[in-house]
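Hi everyone, thanks for coming.

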Amino acid sequence: MIIDQHTALYGVIGNPVRHSLSPALHNAAFSATGFNAVYLAFEIEDIEECVKGIRAFGIKGTSITIPFKTAVMPFLDEIDPLAKRIGAVNTIVNDNGRLKGYNTDAIGAQKALKKKIELPGMTCLIIGAGGAARAIGFMLKEQDVAVSIVNRSRKRGEALARSLGCPFVPLVDIEGAKGDILVQTTPVGMYPHIDQCPVPEHILEQGMVVMDIVYLPAETRLLKSAKNRGCVTISGVDMLLHQGAEQFRLWTGLDPPVASMRHVLKEALLKQDERN
Ligand code: NAP
């Protein structure tokens with residue numbers, strides 16, 4: 001890769017970001033397509049000042065991660081309608097000085113699910129009621145999926161269920177709930193707590209589609225158990241890959257080099273697994 005006077009700058013903004021796989025993912029995509037750009041990680045404190053910096057330096061696009069996905073919204077010029085409904089932005093596109101916010105978590109989850117199941121007419125239990133659950137809930141609703149929110153805390157669970165116009169089930173009562181699909185969006189089972197599973201494993205029925213959005217490890221205890229019980233499983237790595245691929249499409253207007261992106265992501269995750 002040659003960096004020259006025309007090289008465009010992209011990056012991920014968050015705190016912390018030093019664990020982020022996005023630089024590896026996007027630099028691989030730029031390199032595979034010959035797009036003259038580099039992608040860096042920016043660990044920042046003040047999101048308002050950071051957005052001024054994006055404008056001042058003409059940074060062409062950024063990923064936004066924890067804890068700024070909602071906080072960044074008032075400082076942008078325009079928000080895509082789906083991101084507005086979700087209430088969170090994970091991508092900024094700088095269109096000649098005009099900053100527009102998008103949310104690609106939803107489309108990333110949609111693409112990962114659609115590889116294994118036709119969504120319209122299905123029923124789905126979403127475990128969790130945080131930012132990711134919100135993005136996936138709105139996407140599934142748009143796809144005519146009948147969603148139920150299952151959450152540990154009643155307050156947060158009921159609030160999301162109300163926004164989506166769907167039922168709420170307390171996590172302790174999950175045994176009475178039914179779904180063709182189960183989407184797990186809590187951090188339970190993520191490294192280093194890899195022996196934890198957020199739901200009783202006997203509720204996983206043969207033929208059910210189970211997606212865990214945790215991607216470290218790539219196969220969580222929930223997914224292992226689901227596979228053993230004859231479920232169709234989808235790893236969080238697929239969602240991560242596709243949300244990144246959609247960011248690349250928004251920034252460059254090019255078809256994302258998904259195979260190269262998948263390869264680099266797998267390598268990076270393998271390295272992290274070995275380190276752990
Ligand atoms: P968040 O806004 O903090 O929400 C976390 C949710 O998990 C809340 O509903 C919380 O329930 C629940 N929860 C947390 N600890 C729990 C426990 N011990 N038992 C039961 N429920 C628990 O987080 P988020 O932004 O939605 O992210 C959630 C996870 O998704 C993270 O691990 C993140 O890395 C992952 N993620 C993956 C992708 C991808 O591309 N694969 C994209 C986005 C996020 P309460 O309301 O009861 O606190």
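**Helices on a sheet**

Helix H8, residues 236-252, lies across E1, E2, E3, E5 and strand E6 (98-102), and runs at about 10 degrees to E5. Helices here are DSSP runs of H or I with at least four residues, and strands are E runs of at least two, numbered from the N terminus. Angles run from 0 to 180 degrees between N-to-C directions, with axes fitted to C-alpha atoms, for helices over the stretch in contact.

This is a predicted model, where local features need pLDDT of at least 70, side-chain atom pairs count only at pLDDT 80 or more, and totals for chains, interfaces and linings use all residues. Residues are numbered from 1 along each chain as its sequence is written, and side-chain values use heavy atoms, leaving out hydrogens and water.

Now the sheet: it is open, with 6 strands in the order E2-E1-E3-E5-E6-E4 and mixed pairing. Strands pair if DSSP finds at least two bridges between them. At the edges sit E2 (37-43) and E4 (78-79), each pairing on one side only. Helix H1 (residues 22-33) also packs on this sheet, touching strand E1 (8-14), E2 and E3; contact means heavy atoms within 4.5 Å.

How do H1 and H8 pack? Their angle is about 50 degrees, and their axes are 10 Å apart. H1 and H8 are therefore oblique to each other, as angles under 35 degrees count as roughly parallel, over 145 as roughly antiparallel, 65 to 115 as roughly perpendicular and the rest as oblique. Residues in this contact include Phe30 of H1 and Trp251 of H8.
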